[in-house]
Amino acid sequence: MKNFDLIKLPFSKNNPILVQVLGVCSCLAVTAQLKPAVVMALSVTVVVVLANVIISLLRNTIPPRIRIIVQLVVVSTLVVLVDQVLKAYVYDVSKQLSVFVGLIITNCIVMGRLEAFAMVQKPWASFLDGLGNGLGYSVILIALGFVRELLGSGTLWGYPVMEKLGLYGIGYENNGLMIMPPMALILVGLIIWWHRSKNKDLCE
Amino acid sequence: MAKKNFSNKYIFIYSAVLVVVAALILTVVSVSLKPMQTKNQQAEQKQMILKTIGVEATRDNAAELYAKHITEATTDNGLTYYTFNGGDIIPLKGTGLWGPIWGYMALDADGKVIGAIFDHKGETPGLGGEIATDKFAQRFIGKTMAGGPIYLKKNADKNNPFEVDAISGGTMTSNGVTAMLQTAYENYFDIISIAPVTQ
């Protein structure tokens, strides 16, 4: 596989959320607003890239029988480390992150990439693969956060868009269902539907 | 994956070394960053307390402004509260859905809320996490703790001095806030004025 494909494929034909359907739980939980969605997307990208590189460097020394445990140790160490550094240097961002830290450790994309890719590939390729998958995940998260915050709360990044447009004056109401997790599932379903109809080769 | 044979001995040593290395890294980082984290947390607490009386402080000048505006005091049963020129600030502590929630509430001499602020450890962002927003805190201004604690309710009556709108999608956290206010009301009963409510 060409290096460029490692970055490009996770965006569409092999998107972790749309095609592999991994990382959906966090995707539903944190996308009620745009800001946490972006913070989560960034954090997962950082962690998956670093974990991929570390596991790839260690790959020949890891005994297969305990590989999942080794992967978990690496991921949790990274996540706690990131959290500690953020708490000390960028306290505000760390407040935003608070609840997501645990979610990153359990994010199936991280474990999935380590198990399926980094265990058998060289560090540079693993770096690109981590980056591609992190960004592929980010795109969906940010798109969901955008739609859900705009239609559910009438704001974007906390800015009252709908109010400024004067829509409340003519009878517009926020859609309360948008901020509930089930609506995120429905939206993901719609995106997958649209994505499959554009990429017929993905249909089974 | 190349099928290599790893002996049990290798596996034991490998996992032991790995875990010790990870623990070492985390310990060193945690100990060396602790002072900065504690400083951030203390400054934030001061910022929060100042905000309830409408003083906007940055993390850098929080300590200075705090010393100027706020005096710490203790109730008869040994609980800390804060006083400012015009009333008292009571601390709030409780439990949300996923972890602790806390806040501060500034009350004037009649027990009327001048300002409030809330924060949480890990409530769901966009749902229960909304308690940390100004928008939520402002709903409390003008309500009163005198004569009974404030409680959260769906479609609260704006004219009722004890009712505040709950958060949609954040029922468990809202219940936590109600319980927290009840506890504070009981603990700080003596310093909340019990003068009859005037609307």
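1. Lys143(B) sits in a loop of chain B, between α3 (134-138) and β6 (151-153). Helices (H or I, at least four residues) and strands (E, at least two) are DSSP runs, numbered from the N terminus. This is a predicted model: local features need pLDDT of at least 70, side-chain atom pairs count only at pLDDT 80 or more, and totals for chains, interfaces and linings use all residues. Residues are numbered from 1 along each chain as its sequence is written, and side-chain values use heavy atoms, without hydrogens and water.

2. Lys143(B) is buried but has no salt bridge. Buried means under 20% relative accessible area (1.4 Å probe, protein chains only). A salt bridge needs a side-chain nitrogen of Lys or Arg within 4 Å of a carboxyl oxygen of Asp or Glu. The nearest side chain of opposite charge, Asp157(B), is 7.1 Å away.

3. What lies 3.2 Å from a polar atom of the Lys143(B) side chain? The backbone oxygen of Lys158(B) does.

4. Beyond its neighbours within four places in sequence, Lys143(B) is in contact (heavy atoms within 4.5 Å) with several residues, including Gly111(B), Val113(B), Ile150(B), Asp157(B), Lys158(B) and Glu163(B).

5. Chain B has 4 helices and 7 strands. Their order along the sequence is α-α-β-β-β-β-β-α-β-β-α.

6. The C-alpha trace of chain B spans about 80 × 40 × 30 Å along its principal axes. Of its 199 residues, 44% count as buried. Among contacts between residues at least 6 apart in sequence, 46% join residues at least 24 apart.

Key
Chains lettered and ligands numbered in written order. Buried < 20%, exposed > 50% of the residue type's maximum accessible area, 1.4 Å probe, protein only. Lys, Arg positive; Asp, Glu negative; His and termini not counted. Polar contact = N/O pair within 3.5 Å; in protein donor to acceptor, adjacent residues only side chain to side chain.
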